[in-house]
Amino acid sequence: MLGLKLLTDPRWANIAESNLEEILTDHAWCEQKAASNSIMLITQNPEFEDLVHELTDIAIEEMQHFKMVIDIIKDRGYTLGRERKDDYVGQLMKFLRKDGSRNQAFVDRLLFAAMIEARSCERFRVLSKNIKDEFLAKFYYDLMISEANHYTTFLNFARKYAVDVDVDTRWQAWLDFEGELIQSYGKKEYIHG
């Protein structure tokens with residue numbers, strides 16, 4: 001369904017589970033950044049009323065996820081660490097179109113968001129199926145469903161609002177780029193690491 005070119009090795013869940021404090025801290029900041037990305041899209045595109053309403057809901061939901069993760073961190077006696085640089089997202093940002101029309105940049109930013117949601121969904125699936133902690137396995141299963149909905153929302157808005165972009169062709173380019181990029185990841189206790 002997601003179209004990802006390379007799936008995460010299930011053994012990555014073992015790496016994540018070996019340092020739950022680190023994976024949970026990284027996850028919390030991923031949720032905060034996802035909320036911020038939705039807010040940024042809203043502030044740059046207020047003329048699209050349905051997008052504003054839908055992405056407001058997503059931003060709120062992402063912050064609810066942030067709260068859920070920091071509650072887990074607290075309940076387990078862990079400490080929320082400082083925000084981490086997300087190298088995976090940084091590399092994806094380099095693929096964003098820097099030239100072209102405003103519409104092309106807008107559509108590409110929606111595809112960028114869809115790509116991150118797709119990979120997060122896939123990683124949450126790996127955790128839900130492979131982590132031994134039953135509470136976290138259920139937690140990540142529920143979040144997997146949420147991320148899948150976000151992925152389709154961003155992709156559908158890209159298709160709806162594209163004026164001078166062949167969205168399916170550009171989405172395929174994103175999938176191809178990410179498929180190459182992700183080969184360097186999956187070895188650390190980060191959601192995208």
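**Close-up views of a predicted helical model**

**View 1. Ring pairs join Phe48, Phe106, Phe157 and Tyr161 into a cluster.** Rings of Phe, Tyr and Trp (its six-membered ring) pair if their centres lie within 6.5 Å; planes under 30 degrees apart count as stacked, over 60 as edge-to-face and the rest as tilted. The whole structure holds eleven aromatic pairs. In one of them, the rings of tyrosine 151 and tryptophan 171 have centres 6.0 Å apart and planes at 45°, so this pair is tilted. The pair links distant parts of the chain, with tyrosine 151 in helix α6 and tryptophan 171 in helix α7, 20 residues apart. Helices (H or I, at least four residues) are DSSP runs, numbered from the N terminus. Both tyrosine 151 and tryptophan 171 are buried, where buried means under 20% relative accessible area, exposed over 50%, and partly exposed in between (1.4 Å probe, protein chains only).

The model is predicted: local features need pLDDT of at least 70, side-chain atom pairs count only at pLDDT 80 or more, and totals for chains, interfaces and linings use all residues. Residues are numbered from 1 along each chain as its sequence is written, and side-chain values use heavy atoms, with hydrogens and water left out.

**View 2. Helix α7 covers residues 167-181.** Its 15 residues reach 21 Å from the first C-alpha to the last, close to the 21 Å expected at 1.5 Å a residue; the expected span is 1.5 Å times one less than the number of residues. Val167, Arg170, Trp171, Trp174, Leu175, Glu178, Gly179 and Leu181 are the buried residues of α7. Their cover includes α4 (87-93), α5 (102-130) and α6 (134-161). At the start of α7, a side-chain oxygen of aspartate 166 comes to within 3.3 Å of the backbone nitrogen of aspartate 168.

**View 3. Glutamate 178, in helix α7, makes a side-chain polar contact with arginine 119.** The two side chains meet at 2.7 Å. A polar contact is a pair of N or O atoms within 3.5 Å; within protein, one must be able to donate a hydrogen and the other to accept it, and residues adjacent in sequence count only if both atoms are side-chain atoms. Glutamate 178 counts as buried, at 0% relative accessibility. Leaving aside neighbours within four places in sequence, glutamate 178 is in contact (heavy atoms within 4.5 Å) with Leu4, Tyr88, Leu92, Met115 and Arg119.

**View 4. The largest nonpolar core has 63 residues.** Such a core is a set of buried Ala, Val, Leu, Ile, Met, Phe, Trp, Tyr and Cys residues joined through side-chain atoms within 4.5 Å. Leu24, Met115, Leu127 and Trp171 have the most contacts inside it. Helix α5 gives the most to this core, with 14 residues. Outside four places in sequence, tryptophan 171 touches Leu2, Leu111, Ala114, Met115, Tyr151 and Leu155.

**View 5. Asparagine 103 and leucine 110 both belong to helix α5.** Asparagine 103 is buried, with a relative accessible area of 14%, and its side chain reaches the backbone nitrogen of aspartate 164 at 3.4 Å. Leucine 110 is buried at 0% relative accessibility. Leucine 110 and leucine 155 are 45 residues apart in sequence and 6.7 Å apart in space, C-alpha to C-alpha. Beyond four places in sequence, the contacts of leucine 110 are Leu41, Leu51, Phe154, Phe157 and Ala158.

Key. Helices (H or I, at least four residues) and strands (E, at least two) are DSSP runs, numbered from the N terminus.
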